[in-house]
Amino acid sequence: MKSKVLLLAALSILVASSLVEASTDATKLLRQFPDPGQFEVGSREWFRATEALKYRPLVAESFTDNCPHSFDVLHYNVTLFVDIDNEIISGNTIVMAMSEIDSLVSIDLDLAVLTVDSVLSETGNPLTFAHIDSVLSIDLPQAYSSGDTFSVQVFYHGHPGNEGPDGFGGFYFAGAPKMAFQMGVGLEADPPSMGKFWIPCWDWPCDKATAEYHITVPGTGKKVVCNGVLTGTEIDTVASTATYHWVETHQIAPHLMTVHARRYKELIDSTYDWIHYWVFPPDEEDAKIHFQNVHIMMDGFIERFGPYPFSKFAYAMATKGDMEHQTCVTHVNYVVQPNHNYDWLLAHEMGHQWWGDLVSVNDWRDIWLSEGFATYCEALYQEHAYGMDAYHDYVQGQMNRVFSSGENFPIYDPVYLWGTTVYEKGACVLHMLRHVLGDSVFYQALATYRANHEYGNAVTAEFQQDVESVYGQSLDWFFNEWIYDVGWPVYEYSWHAQSLGDSFALNLVIDQVQANGPIFTMPVDVKVRLASGDSLIDVVWVDEAHEEYLFTYADEPVGIELDPDNWILNEAQEVPYAGIHGEPSELGLALGVEGTNPVLGTTHISYSIPSAQRVRIQVFDTQGRLVKTLLDEVVAAGRYGLSWDMTNIDGARFAPGVYFLRLSATSGTRTISLVYLE
Ligand SMILES: [Zn+2]
């Protein structure tokens, strides 16, 4: 980012309130349900606490208890016969793991619905086990110390479970001709991980492992598609079966592991031969149009997020979808049409390969790091393919869905994982963060976040840390209001221009009137239309319920627009000008900076005084030390300007950073902040 001065209207930016208990260990941020009884009935805090309690039964209380655990899975080796006609799977999965503790004598794996036949040690000896509900407890053949590796082989069979014919997650046999496929996330399940519906696993996204699959299906005409790369195929014409070997050498979370088996037509992208499409044969011609833009999406995301992180990318059609299984998106068949109506969906699932798959959530409280990011990728694809106007139109649509959603809970640890708050509002948060940081810092921050967590996991606090490390300043204020709190700003603004003889003064008043949510802190673009026909964009820092600004212009201002390019999730309306706060006369006590941005060397300060009095204008640093007095004299009522060349008492130029400008007069004080960025 180039040198840039933003105006800050108050000191509170540096002391943003913290809704989440500060913790150096990001993974220890705990869900809290405040007791509404401690708040005044009808207050905002009371309302929020009451709302949260309403949703409490839907929330998995155990989210915090599952990472870390006593062992770390290193590798899953899945060997299954998928009997599509009889809707049975049978075989075994070898779970290789490393002990994380001393004296590890038993482990618990997740496995739902299926029947366990036996469990063997790595030397082939039977192990005792208990399979109660969805927990498979296995007694290990010996006590393992921290760092020891071991494996267990679980033999099992049965008709696997799912969320029902109209549901989403689990293992399905469906369609005509019938196919088999695994969907790793459930919409009703709580927690939503559904890896356990086909393999014994530690079914939490925090424990990633490598994987290999040896999947056999009846008949010789079906294809099997899993994560990773195909390393071998065996057609047994005597037994009339086909076996496919797939290997995922990159770390993968259990809910991202998948299999698809049916008669497929395999198409290869004409631009990138490592992008494949497994389509229903009758849809082949439609698919060639439907997937036409995939390589453009891929180019756009590689340009923004860095190299594609896996060995292949694919869409495999199924009768349900979509689901961002790593390297192999399950893509619902009915959207495969000879048009581009679902490019947004293709982009969303592709975006997940970076955000959700490469960098996975640690647990489901942070789901916006997956779904909010992927939803933002839809807008980034619009920008890449069609330009900035298309991007802004797309984001506006997402904002409109937030306004009409009726949801009222924070993005972090959401009471509903699959709603507008996580998806669209999460996307809007990234859109706003991009504007606050500027493109260069924003994408550098994403690169840092990727580098620190790729093939692993992240929590929101770590994302914030990574962004701050590039930005160079705290973003508590931003994350607190947008991620850990609710709502959005509703601005009412009014303005008044007046001739000063050789220039014009513009008073701008902005009120935040939202009934729900905190008072938001945001840099807000103000577009000022001048009589000459020109327009200027000024940036004001709005962080109080009531703000007043004073600008001077050489030309007459004739119109104002707040946030003209929709960079902020906000509602705004212009209201009649009613004078500046607390001053019946037109002239109030005000302090502002004449808004050109960036300021090159010299800052032009405006101030107005309602009656003759002694006025002092001083500059302080963030430690509260006086660094320069710009004015100290008795001043008559009126509007004034003052230029300051950003030098201190010694005439040396200020270092980049935050400074406070304070006007003290008999009738009151006004303070604004300057952020002087490099
Ligand atoms: Zn998604």
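## Pairing in the sheet

Two strands are taken to pair if DSSP finds at least two bridges between them. In this predicted model, strand E2 (residues 71-83) and strand E11 (residues 209-218) meet that condition, since seven bridges join them in the parallel sense. Within this pairing, Leu80 stands opposite Ile215 in E11.

E2 and E11 belong to an open sheet of seven strands, arranged in the order E5-E8-E3-E2-E11-E14-E13. The pairing across this sheet is mixed. At its edges lie strand E5 (115-121) and strand E13 (229-236), each of which pairs on one side only. From one strand to the next, the twist averages 15°. In general, the strands of a sheet pair through backbone hydrogen bonds, in either a parallel or an antiparallel manner.

## Helix H5 and helix H4

Helix H4 (residues 343-354) and helix H5 (residues 368-386) have axes that come within 8 Å and cross at roughly 130°. The crossing in which H4 passes H5 is right-handed.

On the H4 side, the contact is made by Asp343, Trp344, Ala347, His348, Gly351 and His352. H5 contributes Ser370, Phe373, Ala374, Thr375, Cys377, Glu378 and Tyr381. By class, the residues of this contact between H4 and H5 comprise six nonpolar, five polar and two charged.

## Helix H5 and helix H3

H5 also packs with helix H3 (residues 294-305), at an angle of about 105° and with the axes 9 Å apart. H3 and H5 are therefore roughly perpendicular to each other.

The residues of H3 in this contact are Ile296, Met297, Gly300, Phe301 and Arg304, and those of H5 are Cys377, Leu380, Tyr381, His384 and Ala385. Seven nonpolar, two polar and one charged residues make up the contact of H3 with H5. Cys377 and Tyr381 of H5 are listed in the contact with H4 and also in the contact with H3.

## Confidence of the model

The average pLDDT of the chain is 87, and 88% of the residues score at least 70. Over residues 1-32, however, pLDDT stays under 50, and the model has 77 contacts beyond four places in sequence for this stretch. A further stretch with pLDDT below 50 covers residues 581-585, which have five contacts in the model beyond near neighbours in sequence.

Definitions and conventions
Residues numbered from 1 in each chain as written. Predicted model: local features only at pLDDT ≥ 70, side-chain atom pairs only at ≥ 80, totals over all residues. Axes fitted to C-alpha atoms, helices over the stretch in contact; angles between N-to-C directions. Helix = DSSP H or I, 4+ residues; strand = E, 2+ residues; numbered from the N terminus. Left-handed = near helix turned anticlockwise from the far one by under 90°. Contact = placed C-beta atoms within 7 Å. Nonpolar A, V, L, I, M, F, W, Y, C, P; charged D, E, K, R; others polar. pLDDT = per-residue confidence, 0-100. Parallel < 35°, antiparallel > 145°, perpendicular 65-115°, else oblique.
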